[in-house]
Amino acid sequence: RRSPAATVLAASTAAAACCGRLGRGRGRKAQRRPRHTLAATASAVAVATASVLSAPGGAAQESGGAERVEVAAWHAARRRAILEAHPEVADLCGPDWRTLPLLVASNIAQLGLAVVSGNALSAAGADDYSMTLFGVLALATGVGGTLSLWSFSVLHDMVHGTVVRADKSTREALLFWLSFPTIFGYHLYLQRGHLAHHRNLGRASMGQLFESSRREFEDGDVLFVAHRQPLVGRAFEWEVPLPGDCEGKARFSPSISFNVFSRLWDRSGEGPAQSPRSSDNSGGGEEEVELWRAIRNGALYSFSMTFERCALAVNDKLVAITGTNYFFPNKPAEFQAGCATYARCAALLHAALFALSGPGALIYLLVAELAWQLPIHPGCGMFVSNHGSGRRADGGCAPTASLYVGGAWGVFDWICMFSNYHLEHHDFPDVGLLRLPEISRIAPEFFGLEGSSSRGSPTPAPELAVALAETDWVATLRGAFATPQPYACSRLVGVLDDGYSGEQDSAAWAASAAIARSTA
């Protein structure tokens, strides 16, 4: 007999395969499986996830009594429920040919603008250099930042197999070469950390990531959220002997993100979970205090992100020379060789751009890759709000959120290249980014959106629905810095590092927790 964890994973895979078959043949009438067959597949997932969603609010319960949302199982259950209520969503699955031309065009435009910016700075005289530099920085922030976010979003879809229908080796080759031009790049995270992020979301600590000897990161997003959100488990720390005759060792973290967030942020507004930021009704003196806290923390976040990204750019040159990424000393040879190959190719590109256009081309690329992650770019609202601790319709914790600003397929959606539909993506990672708005249009009742569904389906189970969608960019950004939420519901009151080693995914952990509860 299969273990409960294996049953969960097998059933989820069956639902994904069903979705993939139904979604083939875009541009011609897709074959539709009879509703009763889809319902049977959905029921299989329902039975498989019952053990991990059996606790109140659809969450596992730790010994401390605090609710623990198991993200992989929650998204699997949402996927099952959406497919059961709206089987036409399955038609959206599969590769979308439109995204590859967008990726190529954005990369060509980015490279061209880097060359133009470098030449402009090289040709500028002493009198107009400041204005030229300001123009280059503005161009890199607005246009370059958006193009960089477009590149990241489509490369991300490449990892999920929704850009081209090809085998894994072909997709990895495309991921490698089409991730240029870059300074510090997205390749390492996407190749080694993103798929595990879907499986293990909210389960890994920074210490586990940096000390692990596995080829993949346990949850690659931990590398980014450490700048702005409380994380479960131990920090990334080093031990050094005390000087002189002192006994023992001192522990310190070399992570600028951890030190700035843990030591300098004003975290007085932090809680185990918050209401959706769009519904914040605080006022008077409290609102002013929160505003200044958001400004202070936002400035510290911007500093730590900028510092760390510049450090990554320098570290890549060290990796290119030595062949080793010393931030991850325990990683296997295959991981280190991949880092070295990519860093050396990037160094050749940087040398060519420097020779052709001067340092201005590299400045442009650095600012472009950094800008969309900072509050100076609209994409930051999406970046800092994907995985907080929001509210489900039953009052429980929702670990993933989308940000809807304006209408579907509107300006904000295009600036973000639809990566703001993050809840839809975790429910259906096999749906391409340009089709993600269709999911919440068809099934708005699952996403906290107003409007009737296309089929008049009944109200979803409250533990699977989001209470209220995020629709206010300013409130979302302000809330992310003034009241930082725990990463993906991973650090609620009473929940400590459970020793998760990364060798099992979220569903497997939840299944073992369910067994432990039943025998307690």
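Helices here are DSSP runs of H or I with at least four residues, strands are runs of E with at least two, and both are numbered from the N terminus. This is a predicted model, in which local features need pLDDT of at least 70 and side-chain atom pairs count only at pLDDT 80 or more, while totals for chains, interfaces and linings use all residues. Residues are numbered from 1 along each chain as its sequence is written, and side-chain values use heavy atoms, with hydrogens and water left out.

First, the pocket. H12 gives the largest share of the lining of the second largest pocket, 8 residues. A pocket is an open set of points on a 1 Å grid over the protein atoms alone, where a 1.4 Å probe fits, with protein on both sides within 12 Å along at least five of seven lines; lining residues have an atom within 4 Å of a point. The space in this second largest pocket is about 730 Å³, a volume being the space filled by probe spheres set on the points, which are joined across faces, edges and corners. It has 36 lining residues, and those closest to its centre are Leu188, Leu223, Leu312, Phe327 and Phe328.

Now the cysteines. The whole structure has 1 disulfide, meaning a pair of cysteine sulfur atoms within 2.5 Å. Cys397 is joined to Cys489, S to S 2.0 Å. Cys397 lies in strand S6, and Cys489 in the loop between H19 and H20, 92 residues apart. The S-S torsion is about -90 degrees, so this disulfide is left-handed.
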